[in-house]
Amino acid sequence: MAKIKTLHKCSEDSYSCWITVEERNGIIDVSLEEGGRINTIYLDKSTAIKFAKTLRTEINKIES
């Protein structure tokens, strides 16, 4: 399988991080790097779908 990597830089005043999403053998790795520390979660396809739906729901709750 092809490895797909996307990088997103997020920053807010003093907070800065890199988010990396990569697919490996049917598992989605989501890594958050901030201040030299890396935290990673691993999601199978069904869990990733549920997570994406929950995330969209929470984003829609944010009022501008």
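This is a predicted model: local features need pLDDT of at least 70, side-chain atom pairs count only at pLDDT 80 or more; totals for chains, interfaces and linings use all residues.
Let's start with the overall layout. Of its 64 residues, 12% are buried. The protein exposes about 5,600 Å², and 55% of that comes from carbon and sulfur atoms.

| Residue | Strand | Relative accessible area |
|---|---|---|
| D29 | β3 (residues 27-34) | 6% |
| I41 | β4 (residues 37-43) | 38% |

Why does D29 count as buried? Its relative accessible area is 6%, and the cut-off for buried is under 20%. I41, at 38%, is partly exposed, because that class lies between the 20% and 50% limits.

So what does D29 touch? Setting aside neighbours within four places in sequence, D29 is in contact with T20, V21, E22, R24, T40, I41 and Y42. With R24 there's a polar contact between the two side chains, at 3.2 Å.

I41 also turns up on the surface. Together with F51, L55, I59 and I62, I41 forms a nonpolar patch with about 470 Å² of accessible area. Which element gives this patch its largest share? That's helix α1 (residues 45-61), which supplies three residues.

How values were computed:
Residues are numbered from 1 along each chain as its sequence is written. Side-chain values use heavy atoms; hydrogens and water are left out. Buried means under 20% relative accessible area, exposed over 50%, partly exposed in between (1.4 Å probe, protein chains only). Accessible areas come from the Shrake-Rupley method with a 1.4 Å probe; for residues, only the protein chains shown count as cover. Helices (H or I, at least four residues) and strands (E, at least two) are DSSP runs, numbered from the N terminus. A polar contact is a pair of N or O atoms within 3.5 Å; within protein, one must be able to donate a hydrogen and the other to accept it, and residues adjacent in sequence count only if both atoms are side-chain atoms. Contact means heavy atoms within 4.5 Å. Patches are made of residues with over 30% relative accessible area and no salt bridge: like charges are joined within 9 Å, nonpolar side chains (Val, Leu, Ile, Met, Phe, Trp, Tyr) within 5 Å. A salt bridge is a side-chain nitrogen of Lys or Arg within 4 Å of a carboxyl oxygen of Asp or Glu.
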